[in-house]
Amino acid sequence: GLLNKAYPEAVVELDLEVVANPQLEIGEIKKGDEVTVIATVQLFPEIEVKNYKGLEVTKVASEVTDADVDADLKRIQQSQARLDTVEGRKTQDGDTVVIDFDGSIDGKHFDGGNAENFELKLGSGQFIPGFEDQLIGKNAGEEVDVKVTFPENYNAKDLAGKEALFETKIHEIKVEVLPEIDDDLASDVSEFETLAELKADVKKNLEKNARDGDETQMKNELLDKLCETNEVDVPASMVEDEIDRMLNEMNQQLAYQGMSFDQYMQILGQTMKDVREGARVDANKRVAMRILIRAVVAKEGIEATEAELEEELQKFAEQYGQSIEQVKKVMGEENLRFFAEDVKTRKAIDFMFDNAKLVEKKEEAEESK
């Protein structure tokens, strides 16, 4: 218990950045005497970074075309689409049908195989192959026996590869109606009164996104070049920690998609060891990059100002719907330095980018010679 308290206190007091659990040597324990504990820790590596100014980066300048603006307006138009019921014709590909269905295998009904007043867009591929096709060319009010075979790789194992019958009733046939792209649409979806103003705003946003994307691409190339020109001996424990972090992120993304890590490994036909090995090269590179950026921060004396730290905290707080005070309380003083690290990292990358040499992309003609 004492160790759990004394060790972190010592780390904070000495202002150390430890990258792995300590190895402890405990001296002889005698009643009533002080006991000496020697904790050997691995610190964040400090290295001599070179060639970080004047790195050559391929210039990227994406252009926003009228076609890009039109595509965005079409996306806005699509978001305002409404479904209207159509009478007096059979179903067609692209229609939305309102259906009841009840599925059975060999006369036995199964879980999740039935619904009422379900809206299904024909041709969307939302249902298993063959289902939607059998509802084309039908009338509203018609009852259809849809016969399908569940795919072999279907995620519900007890249904995979089985033949099923879905008794289906079509209540309504609906068709998508798009509004005109005009001033009315502009005033419905934005603070603007005219389409011309909305168009100008769409173009401005697309251009900002393009510039941000270009800069990200150039900065990624810059960091790759930084790694190429500097050999870094990366501590094994840091790579393992980074792999843990990457797998944790992956786990969260999979959970968000409704899949477990075990299912994911099954699909890939891999073991945990395989997945870890697969992530190793990337993890190694990420850690090397962090060590190099940190070395640039140290060499250039880059600091995070109070105002910058506050701004970083504000962004984080907004993201999680909390106040800065709550964040500070939850994170605790020792974890606030992570925000400072983020600020310094960003400033170091900006510094290298400002000092980089932007070179024009080699033309294809040059390469073909």
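**View 1. The buried residues of helix α10.** In this predicted model, helix α10 has ten names to look for: Leu336, Phe339, Ala340, Glu341, Val343, Lys344, Ala348, Ile349, Met352 and Phe353 are buried (under 20% relative accessible area with a 1.4 Å probe, protein chains only; exposed is over 50%, partly exposed in between). They pack against α4 (195-229), α7, α8 (306-319), α9 (324-331) and β9 (357-359), where contact means heavy atoms within 4.5 Å. Helices (H or I, at least four residues) and strands (E, at least two) are DSSP runs, numbered from the N terminus.

View 2. Met238, Val239, Glu242, Ile243, Met246, Leu247 and Leu254 are buried here, and the buried residues pack against α6 (261-268) and α7 (272-300). Just after the helix, look for Gly258, with a positive phi of about 80 degrees.

View 3. Strands β5 (residues 96-105) and β6 (residues 108-121) pair in the antiparallel sense over eight bridges; pairing requires at least two bridges found by DSSP. Ile99 has Phe118 of β6 opposite. Two residues lie between the strands, and Asp106 in this hairpin takes a positive phi near 50 degrees.

**Notes for all views.** Residues are numbered from 1 along each chain as its sequence is written. Local features need pLDDT of at least 70, side-chain atom pairs count only at pLDDT 80 or more, and totals for chains, interfaces and linings use all residues, while side-chain values use heavy atoms, leaving out hydrogens and water.
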